[in-house]
Every structure is written in structure tokens, then in C-alpha cells.
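Biologist: I'm new to this one. Could you show me the structure and tell me how its parts get their names?

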Amino acid sequence: MTDATQVKARVCAVHDDIVTIQLEKNAEGEFFPVIKNEVVLVCPSRPQGHFAEKLQAEVLRVRYGEADVQVFENTRGVAVGDPVEMTGQMLSVALGPGLLGQVYDGLQNPLELIAANHGFFLPRGLVVDGIDTQQRWSFVPRVKIGSRVHAGDLLGTVQEGRFEHRILAPFNMRGVAEVSWVQEGSFSVTTPVVRLTLADGREREVCMQQHWPVRIPVNRDLLREGYCERRFPDQPLLTSIRLIDTFFPVARGGTACIPGPFGAGKTVLQSLISRYSDVDIVVIVACGERAGEVVETITEFPNTPDPRGGTLMDRTVIVCNTSSMPVAAREASIYTGITISEYYRQMGYNVLLIADSTSRWAQAMRETSGRLEEIPGEEAFPAYLESSIRALYERAGVIRTQDGREGSLTLIGTVSPAGGNFEEPVTQATLRTVKTFLGLSADRAYKRAYPAVDPLISWSRYLEQLSPWFDRALEPGWTDRVQQLLGLLKAGEAVQQMMEVTGEEGVTLEDYLTWQKARCLDQVYLQQDAFDPVDVSTPIERQKRLLELLSKCLDELPPLANKDAAREYFVSLTGLLRNLNYSREDSPDYRAYLQQIEALRRTGKAAAG
């Protein structure tokens, strides 16, 4: 049973996963202290399993002598009077070598290890170390006795797969410390490898693992003390998806959202971005999605080839909390994922965090807020919904440390609005926060136009912000060309709507050509075959060459006497350009299609045969 010396509160009310605890008094007659977001352990007096259960809970609200806590598991069997242990610690995750390739739940319990030891039905109250404390890592020190370090400085390295995992001085260390002892060799993550003499004379032993509260940014103290600085994002996150990289770019270290209805292709688009983006580490948070989708993710990633070699799982961390898991853990899962992402960013790596979906996360907040009887906002979401979403996305960004390391955290959140309604509160709050909006369309998905991002409603504020990079890396005036093509798409849509009323006969030849140009641009450049080995990934240089060729074809049309001739020309041109997309640049087919396109441009007719 519970150690009586640790019991500092008792359960006095239970409302689903919200438990009210009554604080006990110490020898001086004062209530034992409790802080907001502290982790406490609720101990049911009638355990359901073969061991004494201790259910983790987080303090949400503190009142005089009482506190409301949110239990991360099912509260069946919890009764009034049950003891509650106070840990004095906030909800934290373990950070160190051994994170890559892991599949965690929202509280950083490794699911594969639990399944191997306890079966596929997780026991309640089970807590497992987030990082294997038995595995040994070869530590190579980068400091010497007498070296002076501060929080976040490099102490040594270990090899974690293909990555150099940098062991950093504790992020919560104050002032400058001196290295008084260091050792080299193979150790577990809990073995001290460095001893520091702090500014106040105390000594602190440092292991390869450190714990950090998930609700506090890893770099909060480092930024405040001037040990690192935020940088302005000035490079795009190259995804090899033409529609994103060219028309709606996402900055490396920026924010984006992908809202869309069911069946619009969010999962496939996320998978492609994870696989082909120019990043080092990928963290995926499956927050409240259906169990089938989560299972598909954690079974496919270990078998998905990584373009850089090995499998995609070698550089991925998955934090999953399905819709069938407790609501409280779902709300914590995003914070767990973003803390792990910040840790790798602080080492100097480029990290991509995909949160799927923030709608389920917001719904978890709504349920918790309702049980706390807080005043509801729009559609019963809490009044602080927008500030919570903004605080989450603000943890993305580019960080530069004093020793010159530069890392980035790009945050892409998917939103699942009911019925595809983009006017609902979560989508609107997200749109007011992020700088790239990739709106998925059920209509485009129905027409099998993938990725089903609607170019007429999507936007990116990074297009102008990153124009110096595009002008320098691609060609001067790149952004202006893209803006002109976006204008062509809008003009083509206007003609399309007119033709739906009047038919082809009701529009002029000029308008008809505008519509055909926009349609060709859509089918050739915006649509991309995720199942073709060549078209699935288009490097930025090939995007440049394709856009130049396509622009030339659309700007310099051969003489087209009537709409029939225009239709025939664009059908042939679109077919040739699409076949060009499926051909490797070093292949004979690629050169042959280029020749046929050039001949078509000169004559206006496709070659016979």
C-alpha cells in the first residue's frame, strides 16, 4: 500500500476524470503545499489489478485547502477518502539518447515495451521509463576539467543511429559552472558522466538524461539568460511537393495548418511531408485520431524507405493517443511531442513536428473545461482556446546558440473541422496564428485531384517573406511569376463558373483559352502522383525547370483558330507534360517528351503516331 509519509491529500469528490482532493495539514497545522500542473498519484483503496495502482494526475486548479486534478487514466474504483501522494514535480518527459524510433503514449510510456511485457491491453497505473535505462551508450566528452559552461552548452556526444546526439548542460542550471570531473566510456543514461561545480559552490552530477516539464519551452530560460537567440526564418522547408514549395511555401522553423474534411487526403499528405521534407528529425503526434489510422502510421513508418537511407522510423518519434484513450492523456500528448522536438532543435537539428490533429486536442480541452464548470466560449470551447493554440504554435521557430549551432522546429498541425466547416472556432483560431494555410477540399478529392489542396482558398504569408531566398536560389522575379500564375488560377475559376451557366458557347475564345491555361497548370503542376516513383518527389531545381517550361507553353501559344483547336492543343500539351513528370531527367523518355512538347508549341498539333 501507500507509504503514509507521502500521503498529503485525500480524495473528496470524483467527476469522471476530474478528481477533487482535500489537502491534509502538517505538524504546524498548515496545508501541505501544492502547485498548478504538479503531478500527483491517486491511489485507489481497492486496486483492480494484482499490484497497488497509482494513477497519475495533474493539478489543474488550486483552492484553499483543495485542488482539482485531472487523472490521465480511467478512474473506475477511485473513492472518496482514497490517499493521494504528492510528487512535487510537474508533468515531465525524459530527454536523452534512445528517443529516436520509439512509439510513446501521451505520457511517454513506450508502447512496444509495454505490449511485450503486458500484452496489448495496457494495465492501468503502469508507468515505464521513457528511455531504456539499461542500454549503454558510448559517451565522448567535449569538455575538460576546468572548462566553464552554462546551461545548454555541449558537454559530450554519443552516436544515436546516424545522428550525433549532443549531451547538453542542464537547461535549468543557473550561472556559469566549472567542470570538476568527467569520464569517457560506455554508460547507461542514468550514470553520471560529468560533475559540475556551480556558481554557489554546490556540486551537480550530470547524466546523459535529463527531465523537463512539458508545458514549459525547453529554451525558455536559455532565451531569458541570453544563451541562445531566436532567428528570423529565412529559408523554406522544401517538401518536394510542387504545390507547397512553389505556391504555398512553409518556412523552415515556421508554422502551417492543414484543415480538411474526412477523406480529403490529410494522412497521405502528412506522410509525404514527413518522408521527403528537408529535415533531420520527424516527430509525429497522433492526437485523438481513430485507432485504425494510428495503427497504420506506426506499422508503415518502420517499413517505409527513407530517401536518405534506412527506414523513416530511424529518425522519427511517434507520440500516439487515440480517440479511445483517456481524454487527459490526449491533451498532454501534444506537449510531450513538442518538448521532444525542442530538445533536438536545441542540439542544432532541423525538426518537423506534425500534430494530427489539433481539433481532437481542442476537444479534449473542451471536455476538461466542461467538467471544471468553467464559463464556455464559442461552441462550448474554453474561452482561452485561442491563447492556448497561439502559445502552442509559438514554440516553433529557429534557434541559434552561442557556439553557432542553429536548429529549427517547424510545426504543421492538421485540423479536422466537422463537416469541413472552416468557420468553426478551432480552425479560425489556428488561421489567426499560423502563416501557411493548406486548405483541403472534398470537391477536389472527389475529382481525384491530389494533393487535394484548394489553391483558391489556400495562402502563405511566407511567399513574400522568403522571396529573397527564391530570387537568390532559383531566379530573380520568382515570386512575381508565382503570383501571376495564382492570378491565372483565379481567372480560370471565374470562367469555369460562367461556363457552368452558359456552356462553352457563352464565353469568348480569349476566356476559353484562360480557362484551358488554368486547367493545364492545375493538372500538370498542382497535382502530383503519390504512387509514382518519380512524380512523388520533385526537387526544387526540377520544379524550377518545369515551371519555366510550363510558363513558356502558356505564354507563347501557337495560332489557335477556334475552341476545338484550343481543346485539342491543351489535351496534347497536358498529356505530354504529365508524362514528362513521370520520367526521370536522365532518361531517353524525358528527352523525347521535351522534343515533342517543342514540336507541339511550333505547330499547335501533336505528332502523329
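Modeller: Gladly! Two strands pair if DSSP finds at least two bridges between them; strands (E, at least two residues) and helices (H or I, at least four) are DSSP runs, numbered from the N terminus. This is a predicted model, in which local features need pLDDT of at least 70, side-chain atom pairs count only at pLDDT 80 or more, and totals for chains, interfaces and linings use all residues. Residues are numbered from 1 along each chain as its sequence is written, and side-chain values use heavy atoms, with hydrogens and water left out.

Biologist: How do you know that β11 and β12 pair?

Modeller: Six bridges join β11 (residues 154-160) to β12, and at least two are required, so the two strands count as paired. Thr157, for instance, has Arg166 in β12 as its bridge partner.

Biologist: What makes β12 and β14 edge strands?

Modeller: The open sheet has the order β12-β11-β9-β14, with antiparallel pairing. Both β12 (163-168) and β14 (185-187) pair on one side only.

Biologist: Why are Leu111, Ile114 and Ala115 in α1 called buried?

Modeller: Buried means under 20% relative accessible area, exposed over 50%, and partly exposed in between (1.4 Å probe, protein chains only). Those three residues of helix α1 (111-118) are buried, so each falls under the 20% cut-off.

Biologist: Why do you say that they line one face of the helix?

Modeller: Seen down the axis of α1, the buried residues fall within an arc of 100°, taken from the directions from the helix axis to the C-beta atoms, so they line one face. On the other side, Glu112, Ala116 and Asn117 are exposed.
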